[in-house]
Amino acid sequence: MRKQNGFNGYDYICTHVDDFKVVAINPTFWCDVFEQCFQLKVVEEPRYYLGSDYAYSKDNKAWKISCSTYVKECIKKLEAHPAVGGKLYGHKTSLPDGIHPEVDESEHLNDEKTHLYQQLLGCAQWANTLCRLDISFACSSLSRFLVNPRSEHLKLAFHLLGYIKKNPNQGILIDSRPLLLDDELTKHTFHPDFLEDYPNASEDIDSSLPEPFGEALQTSVFFDTDWAHDIATRRSIPGFIAMVGSTPLIWQSKRQNCITTSTYCAEFIAMRSAVEESISLRYMLRCLGIPVTEPTKVFGDNWRVIQSASIPESELKKKHIAISYHYVQEAISAKIIDAYWVKSSENFADICTKALDGNSYGFIVNEVMV
């Protein structure tokens, strides 16, 4: 990155091996500089980069990132595989509603079909990495069986790729405008005074960060946990979606490393992870010279957890989550985050923690993707 000549902002150049991308007021200037040293094959607006398709939407006045070219090529190759047996059938969701692959006891696959299963999941995982947050739970859930999958796991992998085949063009919109939130999503918040409990709480901002330019960006994180979801181990499945403006930027679905004995405990650990992600996101934006002035909005659907984190008078009766409890409260005191309660049906992170029915799944996908 470099400060623009005559403008209050920065030019950015990102590289991967021998591919590069320029985001600048005058990108041709930098391309001309490169051509003095390197032979460039193509100089044009981004269309395809590292498996991602780029297209400018005139209706939304924003760039859309998808991976339709990549997934279509994957589907074509997989359908030609002898073990697939023809075309993959489309599905409305990435996994059947309420499925629990961890308790399946069907026969184990032979080496050939195990390799096919790994191919299917490899395609899905890269699509999830690029932009397909709608399949994050399915990828996380099925990837646990890569070494020794069963026949029913292979059927679920076919189901997942069938969903991708039916919806190959799903992507995310690069939109810096603030997330348009319903009044119901923002009225259930608190304005606590933690001065007595955390008198020295403040956000640690690196003094060596570049000078910020432009309008401050809104950041928000939706988090959720499906308590004791894993029937085999009773570990919970937390997930989150971190957004900048109206753009999903980071998402995760991952089984917790320990067994939590209550929903309260599982949700508080997930909220702590959301706060950690908020801090990392704010630091990353500031490293790019982007001002971040307002607290990150953190949304969860467990009223008791949001209340405990936000009310100074709340009592901590579960000592084994004391670290998460105080970590979250101190972040609120330092105005790093603001905590909000939302209905479970309106919590976007729900898509990362469990296999939903078609209506619930479709609602969230339509809200966060295009």
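A word on the ground rules. This is a predicted model, where local features need pLDDT of at least 70 and side-chain atom pairs count only at pLDDT 80 or more, while totals for chains, interfaces and linings use all residues. Residues are numbered from 1 along each chain as its sequence is written, and side-chain values use heavy atoms, with hydrogens and water left out.

Let's start on the inside. In soluble globular proteins, nonpolar side chains tend to be buried together. By a nonpolar core I mean a set of buried Ala, Val, Leu, Ile, Met, Phe, Trp, Tyr and Cys residues joined through side-chain atoms within 4.5 Å. Buried is under 20% relative accessible area, exposed is over 50%, and partly exposed is in between, with a 1.4 Å probe and protein chains only. The largest core here has 58 residues, and Leu160 and Leu161 touch the most other members. At least two residues each come from helix H2 (68-79), helix H3 (111-130), helix H4 (136-143), helix H5 (151-166), strand S9 (237-244) and helix H10 (358-368). Those element names are DSSP runs numbered from the N terminus: helices are H or I with at least four residues, strands are E with at least two. What does Leu161 touch, not counting residues up to four places away in sequence? Ile75, Leu78, Leu88, Leu120 and Ala124, where contact means heavy atoms within 4.5 Å.

On to charges. Side chains of opposite charge can pair when their charged atoms come close. I count a salt bridge when a side-chain nitrogen of Lys or Arg is within 4 Å of a carboxyl oxygen of Asp or Glu. How many does the whole structure hold? The search finds 12 salt bridges. One of them joins Asp134 to Arg132, with the closest N and O atoms 2.9 Å apart, and both of these residues are buried. Another joins Lys155 and Glu152 at 3.2 Å, N to O. These two are separated by about one helical turn because they sit three residues apart in helix H5. Lys155 is exposed at 52% relative accessible area, and Glu152 is partly exposed at 30%.

My next pair is Asp224 with Lys354, where the closest N and O atoms are 3.3 Å apart. This one links distant parts of the chain: Asp224 is in strand S8 (residues 219-226), and Lys354 is 130 residues apart from it, in the loop between strand S12 (337-341) and H10. Asp224 and Lys354 are both buried. There is also a salt-bridge network linking Arg144, Asp230 and Arg255.

Now the cysteines. A disulfide is a covalent bond between the sulfur atoms of two cysteines, and the cut-off used here is a pair of cysteine sulfur atoms within 2.5 Å. By that rule the count is zero. Cys37 has its nearest cysteine sulfur, that of Cys31, 13 Å away, and Cys37 counts as exposed at 60% relative accessibility. For Cys123, the nearest cysteine sulfur belongs to Cys74 and is 3.3 Å away, and Cys123 is in no disulfide. Cys123 counts as buried at 16%.

Finally, some loops. Asp97 lies in the loop between H2 and H3 and is exposed, at 53%. Setting aside neighbours within four places in sequence, Asp97 contacts Ala355, Leu356 and Asp357. Arg150 sits in the loop between H4 and H5 and is partly exposed, at 21%. Not counting residues up to four places away, Arg150 touches Asp104, Glu105, Ser106, Glu107, His108 and Leu109.

For anyone who likes backbone angles, here are two positive phi values in residues other than glycine. Val17 has phi near 55°, in the loop between strand S2 (10-16) and strand S3 (19-23). Ala228 has phi near 50°, in the loop between S8 and S9.
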